[in-house]
Amino acid sequence: MQAENLVARILSSALDGATVRAEGSPADPDVLIQARDGRQIALEVRWAGEGWPEDVRRAARDLPHPWPEKVVVVAHHLS
């Protein structure tokens with residue numbers, strides 16, 4: 001539960017206070033975003049830990065090219 005809350009807080013901050021509800025499991029923390037205009041957007045979250053380049057590469061390693069539009073990489077800080 002703590003991992004989902006962290007992901008929700010990070011995304012809410014990045015999306016200017018949009019309502020973010022974590023769903024799924026800690027290993028697969030997908031989110032549902034309630035935009036200010038009422039739209040709901042479902043995203044698949046890839047966790048990249050501290051956000052170092054290798055963390056991001058690891059999180060995105062198995063993504064197809066081009067990158068799916070509903071997938072986001074989230075980290076404590078991106079370097």
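# Notebook: a look through one chain

I began with the surface: the chain exposes about 5400 Å², and carbon and sulfur atoms supply 54% of it. Accessible areas come from the Shrake-Rupley method with a 1.4 Å probe; for residues, only the protein chains shown count as cover. I noted that the model is predicted: local features need pLDDT of at least 70, side-chain atom pairs count only at pLDDT 80 or more, and totals for chains, interfaces and linings use all residues. Residues are numbered from 1 along each chain as its sequence is written, and side-chain values use heavy atoms, with hydrogens and water left out.

**Entry: the layout**

I looked up the elements next. The chain holds two helices and four strands. Helices (H or I, at least four residues) and strands (E, at least two) are DSSP runs, numbered from the N terminus. In what order do the elements run from the N terminus on? I read α-β-β-β-α-β.

Then I checked burial. Buried residues make up 30% of the 79 residues in the chain. Buried means under 20% relative accessible area, exposed means over 50%, and partly exposed lies in between (1.4 Å probe, protein chains only).

I also looked up contacts, meaning heavy atoms within 4.5 Å. Among contacts between residues at least 6 apart in sequence, 42% join residues at least 24 apart.

**Entry: the core**

Which residues form the largest nonpolar core? I found 10 residues: V7, A8, L11, A18, V20, V31, I33, L43, V45 and V74. The largest share, three residues, comes from α1. A nonpolar core is a set of buried Ala, Val, Leu, Ile, Met, Phe, Trp, Tyr and Cys residues, joined through side-chain atoms within 4.5 Å.

I picked V31 from the core. Leaving out residues up to four places away in sequence, V31 touches V7, L11, V20, R21, A22, E23, I41, A42, L43 and V45.

V74 is another core residue. I found V74 in strand β4 (residues 71-74). Is V74 buried or exposed? V74 is buried, because its relative accessible area is 3%. Residues up to four places away aside, V74 touches I10, L11, V45, R46, W47, A48 and G49.

Next I looked at V56, which is found in helix α2. V56 has a relative accessible area of 26%, so V56 is partly exposed. V56 is in contact with A48, G51, V73 and L78, leaving aside neighbours within four places in sequence.

I then took two C-alpha to C-alpha distances. V56 and V73 are 17 residues apart in sequence and 7.2 Å apart in space. V74 and V56 are 18 residues apart in sequence and 8.6 Å apart in space.

**Entry: D55**

D55 also lies in helix α2 (residues 53-60). D55 counts as buried because its relative accessibility is 16%. Neighbours within four places in sequence aside, D55 is in contact with A48, G49 and E50.

What joins the side chains of D55 and R58? I found a polar contact of 3.3 Å. A polar contact is a pair of N or O atoms within 3.5 Å; within protein, one must be able to donate a hydrogen and the other to accept it, and residues adjacent in sequence count only if both atoms are side-chain atoms.

**Entry: salt bridges**

How many salt bridges does a search of the whole structure find? The search finds seven. A salt bridge is a side-chain nitrogen of Lys or Arg within 4 Å of a carboxyl oxygen of Asp or Glu. Side chains of opposite charge can pair when their charged atoms come close.

I looked at D16 and R36. They form a salt bridge, with the closest N and O atoms 3.5 Å apart. D16 lies in the loop between α1 and β1 (19-25) and R36 in the loop between β2 and β3, so the pair ties together parts that are 20 residues apart in sequence. D16 is exposed at 52% relative accessible area. R36 counts as exposed at 69%.

R39 forms a salt bridge with D37, the closest N and O atoms being 2.8 Å apart. D37 counts as exposed, at 54% relative accessibility.

I ended with R46 and E44, whose side chains meet in a salt bridge (2.9 Å, N to O). R46 is buried, at 17% relative accessible area. E44 counts as partly exposed, at 29%. Which residues are linked in a network of salt bridges? I noted E44, R46 and D62.
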